Amino acid sequence: MMKASTSGRFGELRPIQKIVIYVLLYGGVLLFAFPLFWMLSTSLKTIGEIHRVPMTWIPSEIQWSNYKQIFIDAPLARFLWNSMWYSAVTVAAVVFTSSMAAFAFARLRARGSLLLFGLVLSTMMIPSQVTLIPQYLLFTKLGWTGTYLPLVIPAFTASAFTIFLMRQFYLGISKELDEAVKIDGGSHFTMYFRIMIPLSMPAFATAAILELISRWNDLFGPLIYLDDMTKYPISLGLANFTAAYGATPWHLLMAASLIAILPLLILFFFAQKYFIQGIVISGSKG
Amino acid sequence: MRKLSLAMKREERSFWVFIAPWFIGFICFTGGPILASLLLSFTEYNVISSPKFAGISNYSTLFGDRLFYKSLSVTLYYSVMAVPFTVVTSLIIATLLNNKIKGQSLLRTLYYAPSIISGVAVSFLWSWLLNPQFGVVNSVLYDWFGIQGPGWFTSPDTVVPSMVLMQLTASGSTMVIFLAALQSLPKDLYEAASLEGASAFVKFRKITVPLISPVILFNTIISMIGSLQIFTEAYVITKGGPDWNSYFYVYYLFDTAFKQFRMGYASAQAWILFLLIFALTLVSLWGSKKFVHYEYDSK
């Protein structure tokens with residue numbers, strides 16, 4: 001900023017160009033943020049006010065009681081708790097087992113390791129619908145449907161995408177540290193637990209967040225395997241929220257939707273660095 | 001064959017221990033099911049009685065199934081609109097963000113944030129925004145411009161375009177990938193072009209687009225694969241309607257497998273989808289050869 005040259009990435013901008021860019025970007029942000037604002041605004045109105053003509057931008061009287069109402073009308077606390085433990089267990093399982101495989105692919109020499117890594121990559125390209133039906137039949141045979149087992153157990157067998165992401169990270173860690181462990185007579189387990197895990201916390205955080213977003217938002221898996229409402233995660237619970245009403249109570253539905261996404265928004269607020277990092281790493285193979 | 005040294009044997013054993021969870025999962029939940037799915041697609045199986053070999057009858061029935069063509073055409077229609085929409089809007093935002101502007105990282109965060117929330121909550125949100133009677137969009141259209149807004153999700157003609165419009169706030173991750181690519185471009189080319197008096201648009205067309213063409217291709221393919229698998233939005237907002245006009249491919253597959261329990265037929269549908277995705281990916285890779293430049297390596 002102190003330099004004499006003021007040229008940006010695309011060279012000098014004329015004032016008029018600068019104004020246009022600012023207007024477009026800040027205007028665009030308003031457009032992007034508006035849906036969330038509208039969700040909040042609707043959630044704090046009365047049923048009468050949401051149907052009022054002309055419409056109001058801001059609730060004339062803030063209805064916090066809507067938020068009490070939704071927890072009475074539906075077991076939202078239960079749904080949230082289900083989503084939380086389910087996400088926590090699966091994210092931890094996927095990230096840990098994937099990092100083990102990633103460590104092996106990045107650091108350990110073995111016959112066929114390249115071929116196996118190729119297999120990891122190729123499974124990323126297969127749409128989940130192909131494996132869906134045999135998996136469902138397998139879990140039905142095992143008597144697991146109606147429980148969380150079909151959703152949780154596969155998480156303990158790593159995910160191809162997370163292996164890829166963590167391997168990229170491990171390749172960037174200096175090998176000198178491995179050598180030091182070897183000279184000290186340490187095993188590969190020492191190397192993994194003492195060197196790799198402590199050094200790869202940012203990669204763990206990034207991978208965990210990406211996995212968490214997809215688990216939290218996933219509807220398809222719970223829809224297929226769970227039938228008892230008390231077991232629903234928030235995605236499926238919210239999808240069925242309106243079933244108990246005659247006409248859609250939009251103010252309550254928006255309040256419930258906001259509650260459903262609030263944990264992700266709070267997490268994003270504290271860990272946005274890892275969110276964006278994860279996207280960049282996953283895109284860098286392009 | 002040479003005998004492996006003790007250290008190498010130990011290393012190989014460790015390798016297998018470390019990849020064991022993935023490998024077991026690969027056999028049980030990926031590799032095995034792929035084979036099973038292929039076999040099932042040649043059978044008739046309703047879960048209760050045992051599978052009956054049916055030859056290629058699932059596939060031949062599928063190619064005469066009007067609902068199959070309907071769901072396929074609705075899905076392709078969605079994909080053809082959603083992919084360019086997502087790629088172009090996110091590239092425009094990323095390009096604008098890549099200028100020297102105040103609050104760049106804050107803006108990047110704000111543009112990205114809406115995309116982390118997807119699925120059910122966002123589907124309800126858009127269904128409310130675009131509600132024909134009381135939605136904010138139609139209210140604004142009527143109050144400010146006197147225009148009677150369309151039926152959006154409730155009208156056969158506008159249901160798919162409405163689903164495309166929904167993707168506007170979901171394109172955050174595509175935008176972040178573009179921005180990362182733009183930030184790694186060499187500055188000197190732009191400076192040289194500026195000296196020769198090239199306009200911002202010319203620089204974008206002649207320098208930026210060719211240099212980031214591999215990233216454009218990557219984002220196009222990822223977005224295409226995702227768009228062909230669209231399900232949640234239709235399940236939550238329209239239940240496939242009105243009049244089957246948002247009955248997407250995966251929705252049909254879901255109904256075949258988990259409402260009608262025709263597992264063989266659904267497996268055939270899954271394989272057709274897989275082949276379609278595979279073919280379209282190959283076509284994109286092949287067709288883009290002329291336009292994609294790999295000589296500049298951004299890594």
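Two residues are taken to be in contact if their C-beta atoms, placed from the backbone, lie within 7 Å. The structure is a predicted model, in which local features need pLDDT of at least 70 and side-chain atom pairs count only at pLDDT 80 or more, whereas totals for chains, interfaces and linings use all residues. Residues are numbered from 1 along each chain as its sequence is written, and chains are lettered from A and ligands numbered from 1 in the order in which they are written.

The contact between the chains takes 79 residues from chain A and 79 residues from chain B. On the side of chain B that touches chain A, the most is given by helix α1 (residues 6-40) of chain B, with 18 residues; helices are DSSP runs of H or I with at least four residues, strands are runs of E with at least two, and both are numbered from the N terminus. This side of chain B divides into 55 nonpolar, 16 polar and 8 charged residues, where Ala, Val, Leu, Ile, Met, Phe, Trp, Tyr, Cys and Pro count as nonpolar, Asp, Glu, Lys and Arg as charged, and the others, Gly among them, as polar.

In chain A, helix α9 (residues 176-183) and helix α10 (residues 188-199) pack at an angle of about 130°, with their axes 10 Å apart; axes are lines fitted to C-alpha atoms, for helices over the stretch in contact, and angles run from 0 to 180 degrees between N-to-C directions. The contact is made by A:L177, A:D178 and A:V181 of α9(A) together with A:T190, A:M191 and A:I195 of α10(A). These residues comprise 4 nonpolar, 1 polar and 1 charged.
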